Amino acid sequence: MNRSASIARKTKETDIEINLCADGSGKFTIETGIAFFDHMLSSFAMHGGFDITGHVKGDLEVDQHHTVEDTGIVLGQVFAQIFSQNKNVKRFGSFFVPMDEALSFAAVDISGRPYLVYDCHIGDSKTGDMDSELFLEFFRAFTINAGLTLHTKMIYGSNGHHMIEALFKAVARAIREALTPNTGDVLPSTKGLL
C-alpha cells in the first residue's frame, strides 16, 4: 500500500514542493515564511501522524494570500494522490478538539466530491502574523484539490490562536480516522467505488 506522495507546483507567484507520508510520526520540516501558518501546519502534521517536508516560497512582498492558498492547493493535491492509490479506507472521520477555552470540530468524507462547510468565526483580523481571513482560503483550496467533503465548526472560544489551532488538529485527526484501512473486502460505498 503506497501512502506517500509528492507534488511540485511553480507559478509566477509561488514555488512549492510538498512530500507527505500518511503513515508517519508527525515530523514536519516546511517553512512558508509565515510563522503562525508554519505552526498550524506543524500541528496538522503532528496530530494527523503525517510526515511532511517541503519547500514553500511565495510573493510575501505582495501579501500572504498566494502563499497560503497555493500551499492549500499543493497539500490537497498530495492527499488526492494518496487517496487515489488507497481506496479501501474507512472513508469517514470526525473529531472534536478542545484547546483551553476553545472547542473545534471537523468531519471528513474521502468522497472525491469536494465540498467545504467552514463555520468558523474569529473576531481578530490577525492571528499571530497571519491574516485570519486566509484560513478559509487555505481550507477551500485544500478541500477542492484533495477531493474531500470537509465540514468544520468552531463550537466556541475566545482566543483566536486556540480556536484555529484546535481546528487544524481536528481536521488532521478526522483525516487520519478516514484514512484508516477498511478491514472488509467491500468499499464503503453503494456505488462500489469512491
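**Aromatic pairs and an open sheet**

Let me begin with the rings: the count comes to 15 aromatic pairs, where rings of Phe, Tyr and Trp (its six-membered ring) pair if their centres lie within 6.5 Å, and planes under 30 degrees apart count as stacked, over 60 as edge-to-face and the rest as tilted. Please keep in mind that this is a predicted model, in which local features need pLDDT of at least 70 and side-chain atom pairs count only at pLDDT 80 or more, while totals for chains, interfaces and linings use all residues. Residues are numbered from 1 along each chain as its sequence is written, and side-chain values use heavy atoms, with hydrogens and water left out.

The rings of Phe44 and Phe79 have centres 6.0 Å apart and planes at 85°, so this pair is edge-to-face. It links distant parts of the chain, since Phe44 belongs to helix α1 (residues 35-48) and Phe79 to helix α2, 35 residues apart; helices (H or I, at least four residues) and strands (E, at least two) are DSSP runs, numbered from the N terminus.

Tyr118 lies in strand β7 and Phe139 in helix α3, 21 residues apart, and Tyr118 counts as buried at 18% relative accessibility, as does Phe139 at 1%. Phe44, Phe79, Tyr118 and Phe139 are among the members of one aromatic cluster, which also includes Phe168.

That strand leads us to the sheet, an open one in which 4 strands run in the order β5-β6-β10-β7 with mixed pairing; two strands pair if DSSP finds at least two bridges between them. β5 (92-99) and β7 (115-119) stand at the edges, each with a single partner strand, so one side of each has no neighbour in the sheet. β7 pairs with strand β10 (residues 149-156) in the parallel sense over 5 bridges, and Val117 stands opposite His151 in β10. Helix α3 (residues 134-146) packs on the sheet, touching β7 and β10, and its direction makes about 160° with that of β7; contact means heavy atoms within 4.5 Å, and axes are lines fitted to C-alpha atoms, for helices over the stretch in contact, with angles from 0 to 180 degrees between N-to-C directions.

Note on methods:
Buried < 20%, exposed > 50% of the residue type's maximum accessible area, 1.4 Å probe, protein only.
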